[in-house]
Amino acid sequence: MNFNNLQQSLGGRTPGIRFNEFGEASVVVWAPETGQVYLLKVENQQKIPLKSECYGYWTLTTDQLKPGDLYQFVLNAAAALPDPASLYQPQGVHGPSQAFDPKDFKWTDKQWQNHALTEYIIYELHIGTFTAEGTLAAAETKLDYLVELGVTAIEIMPVSQFAGSRNWGYDGVFPYAVQDSYGGPAGLQHLVSACHEKGLAVILDVVYNHLGPEGNILGQYGPYFTDKYHTPWGDALNFDDAWSDGVRQYFIENAIMWFRDFHIDGLRMDAVHAIKDFGPIHLLTEIRERVDELTAQTGNTHYLMVEMDLNDTRFINPAEQGGYGMDAQWIDEFHHALRVSSGQQRSGYYSDFEPIASLAKSYKDAYVYDGFYSEHRKRKFGVKADGRPGEQFIVFSQNHDHIGNRMLGERTSQLLSFDMQKLLAGAVLVSPYLPLLFMGEEWSETNPFQYFVSHTDPELAEAVRKGRKREFAAFHLDGDAPDPMSEEVFNQSKLQWSLHESGLHQVMFQYYKALIRLRKQQPALHNTDRNGLAVAHSLEKEMISIHRVSEEQQVMAVLNFSRSVQEVSLPAGHSVWHKLMASSDPKWNGEEQLSEQINSGVLTVWPESFTLYTNVIYS
């Protein structure tokens, strides 16, 4: 029997425990180097043997396990272990698994249709710090606020089970399980259903390049890891070495599970450059193929988005062009160029980016480095992104990484003036790419977003502290980083929800709402056509002009990063230009009211300002 036939014989079952229409538990475990596997019911210590199948799989169908029962697996005569494909770990990473039937949830999103990718305006959030309670249920109470803001999709940082109750989520060790302190799998289903009812798509951040250190039991089941390659977080997952078929299947089925059982609309796959796979068919290609099969069966559209430290269109090119078929990718280089243009320090990897010029190039070419020499990397880097549409690139002025990876976790609100913050918001939302906001930026949140963990192993906790110190050495920073194990660090990273109701925080909130509304309403801003874009920049004036054109409309955006009043020529061919937005207006706590319309060809813009005019207004 070959591997594909084996999968068919298993009935397409996902690893772990699933329940059939007769109420029986269908059990699948991959443990290729084990002599015997038993299902252990925790309540009565009953051991039920599994049947050995080809290629290292063990299976069982039984009516002795019901949803809600605690269980473990016993390999040979060793100590009992949680299920590597557990959906729920109510007692944490070191406790037993709990059987959960995702089919029990009553979905209320039957009419939901995923947005076209071009419609995505993304809001990244971390469940633990998004609300005071730090739960999925509490996040659900903020959905009306997000609808008012105008975003169309939320992106949830990883929820896979990690040690303790405080973590960014990238230390997950049970990829199928939803963090118990967040509310478990039922809590995620409820949140997704509520989002869909309110017109919000849901992207889930998943990690397929490594597992966290504490509670990681996959290696005890089989060769999930390989020492052929290493990642910054330890041994790489085994996607192309001996026994890799079972590992690949485990993660492919994981992606399908989120779409099928939790109605997730898109996956954001973390650092895919660290997925070490040199086999003939890349793991991402296989995931793409399986997701397309699911879409053909259900009619539901699901997106695959990737974060990667590679300017390589192979990841986002369709399969027929030799690509992996990913729908979109994060563009860190846009962020880096925007950051240095705003006057922030050029240290570490930011040293590769020139103020103004690099940002202008990113508007035009997406990748800043597309085949020329990078001083930071000491080599040529990247390829050109010609022909790839704007919706395949996700841009931002801040996100969890670029805030939390600062030593003190300062947000842009603590680094830049109020005026410059408004300029950065406009810079993101006027681009031909998909915009992403990080929670709280829309009201200029002042609390930091710091790095935090809650490991119970003292040696591991100390290793994390030392690792953080080494990480900041490249940025030549003095002093000590906050203790990531501190509960105070975690609590200081929570959003302050009362801020957006008054003062300058309310002004910023209203400003973001207005920008998002313009992005949706104005045809030249709404489309993601990179061809309808012209960019000019002046290093001397520290200014970028962006001319965007659609069939219906033209808009002219001026980004003045300087501290001086500047003049810019408007495109010829139109006698009247109408104001859409001027961050320097008193309405937005600016100093000068710009004219509602301009009849001449010259526009005067104020320092650290974002200005937007059009030849025709759509409402």
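Helices α12 (residues 418–429) and α15 (residues 503–521) of this predicted model pack at an angle of about 20°, with their axes 10 Å apart, and the two are therefore roughly parallel to each other, a term that covers angles under 35 degrees. Axes are lines fitted to C-alpha atoms, for helices over the stretch in contact, and angles run from 0 to 180 degrees between N-to-C directions; helices (H or I, at least four residues) and strands (E, at least two) are DSSP runs numbered from the N terminus. Residues are numbered from 1 along each chain as its sequence is written. Local features need pLDDT of at least 70 and side-chain atom pairs count only at pLDDT 80 or more, whereas totals for chains, interfaces and linings use all residues, and side-chain values use heavy atoms, with hydrogens and water left out.

The crossing of α12 past α15 is right-handed, that is, the near helix is turned clockwise from the far one by less than a right angle. Contact (heavy atoms within 4.5 Å) involves, among others, Phe 418, Leu 423 and Val 428 of α12 together with Leu 504, Tyr 511 and Ile 516 of α15. By class, this contact comprises 12 nonpolar, 2 polar and 2 charged residues, where Ala, Val, Leu, Ile, Met, Phe, Trp, Tyr, Cys and Pro count as nonpolar, Asp, Glu, Lys and Arg as charged, and the others, Gly among them, as polar.

Residues of α7 including Ile 252, Ile 256 and Phe 259 meet residues of α8 including Leu 283, Ile 287 and Val 291, and the contact has 8 nonpolar, 1 polar and 5 charged residues. In α8, Leu 283, Leu 284, Thr 285, Ile 287, Arg 288, Val 291 and Leu 294 are buried, meaning under 20% relative accessible area with a 1.4 Å probe and protein chains only; their cover includes α7 (244–262), β16 (266–269) and β17 (303–306). Just after α8, Gly 299 takes a positive phi of about 85°.

Pro 571 lies in the loop between β26 (566–569) and β27 (577–582) and, at 16% relative accessibility, counts as buried. Leaving aside neighbours within four places in sequence, Pro 571 is in contact with His 547, Met 556 and Trp 577, while its C-alpha atom is separated by 9.2 Å from that of Val 602, 31 residues apart along the chain.

Key. Parallel < 35°, antiparallel > 145°, perpendicular 65-115°, else oblique. Buried < 20%, exposed > 50% of the residue type's maximum accessible area, 1.4 Å probe, protein only.
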